[in-house]
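Reader: I am new to this structure and would like a guided tour of its aromatic rings, cavities and pockets. Could we look at it together?

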Amino acid sequence: MKSMGEEKKEEVVSEALKAEERLRSKWFILTPEGEMKPVEEFDFTGYEKLRKFAEYEMRKSRVVEREPPHTALMRSLELADYEPASDPGNLRYYPKGRLIKSLLEEYVTQRVVEYGGMEVETPIMYDMNHPTLAKYLHRFPARQYIVESDKDRYFLRFAACFGQFLMAHDATISYRNLPLRIYELTRYSFRREQRGELVGLRRLRAFTMPDVHALCRDLEEVKGEFRRRFLLSMSVLEGIGLSREDVELGVRVTEDFFKEHREFVTSLVQLFGRPALVEMWSERFFYFVLKWELNFVDALDKASALSTDQIDVENAERYGIKYMDEDGREKYPIILHCSPSGAIERDIYALLEKAYMEMEAGRPPMLPIWLSPTQVRLIPVSSAYVDFAEEVAGRLEGRPVRVDIDDREETVPRKIRDAEKEWIPYIIVLGEREIGRDRFPVRDRRRGEIREMSLEELAEEIEEASKGRPFKPLPLPKRLQRRPKFVG
RNA sequence: GCCCCGGUAGCUCAGUGGCAGAGCGGCAGCCUUGUAAGCUGUUGAUCGCGGGUUCGAAUCCCGCCCGGGGCUCCA
């Protein structure tokens with residue numbers, strides 16, 4: 001670093017980035033029925049979010065002067081924060097944020113493994129001069145972090161492709177092994193995005209991305225696999241707490257591929273069930289011929305890609321990834337690149353923005369119950385009932401339920417208010433009236449009412465809402481008095 | 001990376017050339033609390049960092065760092 005005086009280092013700008021500058025696209029809306037119209041001719045009535053997404057992508061309207069709501073929320077809920085001592089876009093996660101991120105990571109991994117992904121782990125940095133990698137760098141529209149070590153230069157990975165492809169290159173693969181699904185949850189992927197692009201949890205320089213590749217034998221196999229992964233991705237988003245209505249489908253395709261496989265592209269839109277935005281390229285600038293993304297449109301009408309999958313027709317050859325076919329000949333597979341959830345941080349961003357939009361609509365903002373750091377808050381009316389609260393907590397703790405106790409010397413209204421500000425889904429006030437009883441007055445945030453419930457009923461309701469999702473215990477001490485304040 | 005705006009107590013912010021402030025939080029005491037903020041006291045600031053102008057700088061100038069917005073881009 002200290003010899004950087006005269007020899008000013010030229011920035012490594014990938015050819016793909018340069019290519020994008022001269023890229024000209026045509027924009028269409030494709031309906032599930034297979035009708036395709038130029039965007040200008042489509043009637044967006046009833047498709048407000050799609051209109052916003054299309055406008056965002058084609059960048060006609062952009063009048064945002066406001067900070068996105070999720071940045072204040074990520075801090076006030078003590079989930080994540082900026083870390084001034086790091087490079088911008090590298091965040092810190094507080095215990096509650098780490099819990100949520102960790103649950104999401106585990107959930108996505110679980111779903112990918114069910115789908116057939118083989119989980120691996122690969123290095124985060126690679127030799128700039130590696131001949132194969134150097135070429136790939138130029139086919140990906142991203143900027144890199146560079147790490148110097150002695151005289152060598154390494155770049156930090158921006159996806160899991162490198163490690164997995166190098167692994168696949170060395171593997172002996174038979175047609176019987178296809179489709180071959182390799183998975184890694186990258187913590188982290190690094191992209192040195194431009195300074196002004198970075199914002200909160202939406203766009204980072206270090207992010208966690210599940211990345212599952214599938215090596216396929218031919219286009220026929222690709223089509224089946226691609227559809228399967230599309231369904232998986234929609235299902236994963238729904239499991240996270242982002243419904244079909246929360247996202248818009250974007251399809252990017254080369255003109256040639258679309259002409260030959262229009263029916264296949266339409267079938268994806270059919271699976272989605274609503275019209276999709278299609279960007280068509282006259283030539284192939286990147287390594288893929290077809291790509292889709294599920295995009296979240298936030299409170300400021302900005303669109304961000306979450307799930308995505310791509311059909312890569314270049315990299316098998318570039319990396320020398322081959323399989324032995326039935327006829328005894330070595331062939332190059334077609335590679336699919338999929339992130340079923342998109343970046344985990346971006347999922348949290350979407351959940352927070354969604355909660356904010358709920359709040360604007362007059363409903364209580366919430367996180368999905370399975371992700372709420374505290375699911376049940378017990379509030380003893382005075383210090384005399386803290387032991388009683390412990391006993392009640394004990395009855396819930398055998399269940400997969402995160403329960404804590406506000407043992408602070410505060411008034412009940414105050415403790416209620418603080419619990420509500422934390423978006424805690426269930427609150428139970430405990431005093432003389434509850435002793436010896438089977439049913440408790442449970443303050444239900446979603447319904448906005450107090451329900452008489454047994455602990456068994458409450459635990460079942462939480463379990464039901466968390467079904468199929470992983471569980472982790474409280475990320476903080478059970479008693480509030482023992483907790484530090486991380487923000488404010 | 002470039003352009004615009006901002007950075008004052010742990011947090012949110014007022015102060016725009018002349019003694020660094022408020023609310024919240026923290027701490028202490030009182031109160032022993034019943035479904036969204038109980039009362040009193042107290043603590044707390046290298047005014048982002050470095051340099052300059054000035055009798056005097058949070059305030060004016062320069063550079064840097066960090067944040068927000070835009071260009072652009074994506075998971």
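This is a predicted model: local features need pLDDT of at least 70, side-chain atom pairs count only at pLDDT 80 or more; totals for chains, interfaces and linings use all residues.

Reader: Where in the chain do Tyr94 and Phe486 lie?

Author: Tyr94 belongs to the loop between strand E4 (91-93) and helix H4 (95-115), while Phe486 is in the segment after helix H14 (455-465). The two are 392 residues apart, and their pair links distant parts of the chain.

Reader: Is Tyr94 buried or exposed?

Author: Tyr94 counts as buried, because its relative accessibility is 6% and the cut-off for buried is under 20%. Phe486 has a relative accessible area of 37% and is therefore partly exposed.

Reader: What about Tyr126 and Phe162, what kind of pair do they form?

Author: Tyr126 and Phe162 form a tilted pair, with their centres 5.5 Å apart and an angle of 40° between the planes. Tyr126 lies in strand E6 (residues 125-127) and Phe162 in helix H6 (residues 161-170), so this pair ties together parts that are 36 residues apart in sequence.

Reader: And how accessible is Phe162?

Author: Phe162 has 0% relative accessibility and counts as buried. Tyr126 is buried too, with a relative accessible area of 7%.

Reader: Which residues do ring pairs link into a cluster?

Author: The cluster consists of Tyr126, Phe155, Phe158 and Phe162, linked by ring pairs.

Reader: Changing topic to charges: which ring does the charged end of Lys49 sit over?

Author: The charged end of Lys49 sits over the ring of Phe296, at 5.8 Å from the ring centre. In another such contact, Arg181 lies over the face of Tyr115, 4.8 Å from the centre of the ring.

Reader: Which residues lie nearest the centre of the largest cavity?

Author: Leu77, Lys96, Pro373, Thr374 and Glu422 lie nearest the centre, out of 14 lining residues. The lining comprises nine nonpolar, two polar and three charged residues. Domain 1 (15-359) and domain 2 (369-482) each supply at least three residues to this lining.

Reader: What lines the second largest cavity?

Author: Its lining is made of Leu79, Ala80, Tyr93, Gly97, Ile100, Leu201 and Ile348. The second largest cavity holds about 30 Å³ of space. Six of its lining residues are nonpolar and one is polar, with no charged residues.

Reader: Let us turn to pockets. What is the volume of the second largest pocket?

Author: The second largest pocket has a volume of about 660 Å³. Its lining has 22 residues, and Glu78, Lys96, Asp418, Glu422 and Lys485 are the ones nearest its centre.

Reader: Which elements give two or more residues to that lining?

Author: They are helix H3 (69-76) and helix H13 (412-421). H13 gives the most, with five residues.

Reader: How does the lining of the second largest pocket divide by class?

Author: The lining has 13 charged residues, along with seven nonpolar and two polar ones. At least three lining residues come from each of domain 1 (15-359) and domain 2 (369-482).

Terms used:
Residues are numbered from 1 along each chain as its sequence is written. Chains are lettered from A and ligands numbered from 1 in the order in which they are written. Side-chain values use heavy atoms; hydrogens and water are left out. Helices (H or I, at least four residues) and strands (E, at least two) are DSSP runs, numbered from the N terminus. Buried means under 20% relative accessible area, exposed over 50%, partly exposed in between (1.4 Å probe, protein chains only). Rings of Phe, Tyr and Trp (its six-membered ring) pair if their centres lie within 6.5 Å; planes under 30 degrees apart count as stacked, over 60 as edge-to-face and the rest as tilted. A charge sits over a ring if NZ of Lys or CZ of Arg is within 6 Å of the ring centre and within 35 degrees of the ring normal. On a 1 Å grid over the protein atoms alone, a cavity is a set of points where a 1.4 Å probe fits but cannot get out, and a pocket is an open set with protein on both sides within 12 Å along at least five of seven lines; lining residues have an atom within 4 Å of a point. Ala, Val, Leu, Ile, Met, Phe, Trp, Tyr, Cys and Pro count as nonpolar, Asp, Glu, Lys and Arg as charged, and the others, Gly among them, as polar. Domain bounds come from an automatic or database domain assignment. Grid points are joined across faces, edges and corners, and a volume is the space filled by probe spheres set on the points.
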